[in-house]
Amino acid sequence: MKAQGHGEVVDCRIEDSKMMALLSTVMKVPELANPEFEQCRVEFTMANSVLSTPMVSLKGQAMQLTGEGTLNLVSSKLDYDMELALAEELLAKIPAQQLRAAFEKRDDGLSVVAFKVFGTTEAPQTDLMS
């Protein structure tokens, strides 16, 4: 199968996502587990059982998650480069000073950190702790 397309959802909420649960656990901020966004956009192509998403954009006032990557639909293997942007009130909830220090302030007032997501959809991993 081959496919390509894009999608956009307004006022969306992510629930029961293992990746969001991972971010919440690593950052020790429960609000990251089931976030709400004003706009969720994705562009994708699919070929040879690989779903490529050259653009993922989840934007809310307190949190933004953007990036690109691939998902192997046979093995469930993930390979994503992401950026997480947090408003000051969420950033302040991260208890680990070393992790908070990894974020850089942007012109829009949010603080951002780049990270990778890899592993599988059932057991995602991240390089955020390193």
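Helices (H or I, at least four residues) and strands (E, at least two) are taken here as DSSP runs, numbered from the N terminus. The model is predicted, so local features need pLDDT of at least 70, side-chain atom pairs count only at pLDDT 80 or more, and totals for chains, interfaces and linings use all residues. Residues are numbered from 1 along each chain as its sequence is written, and side-chain values use heavy atoms, with hydrogens and water left out.

Colour the chain by pLDDT, the predictor's confidence in each residue, from 0 to 100: the chain averages 95, and 100% of the residues score at least 70.

Next select Ser17, Met19, Val56, Leu78 and Tyr80, which of the 19 lining residues are the closest to the centre of the largest pocket. Helix 1 (18-27), strand 2 (36-47), strand 3 (50-59), strand 4 (63-72) and strand 5 each supply at least two residues of that lining, and strand 3 gives the most, with four.

Then show Met27, Leu84 and Leu86, the residues with the most contacts inside the largest nonpolar core, which has 30 residues (a set of buried Ala, Val, Leu, Ile, Met, Phe, Trp, Tyr and Cys residues joined through side-chain atoms within 4.5 Å, where buried means under 20% relative accessible area with a 1.4 Å probe, protein chains only).

Finally, centre on Met27, which, leaving aside neighbours within four places in sequence, is in contact with Leu32, Leu84, Ile94, Pro95, Leu99, Phe103 and Leu128 (contact means heavy atoms within 4.5 Å).

Note on methods
1 Å grid on protein atoms, 1.4 Å probe; cavity = no way out; pocket = protein on both sides within 12 Å on 5 of 7 lines; lining within 4 Å. Buried < 20%, exposed > 50% of the residue type's maximum accessible area, 1.4 Å probe, protein only.
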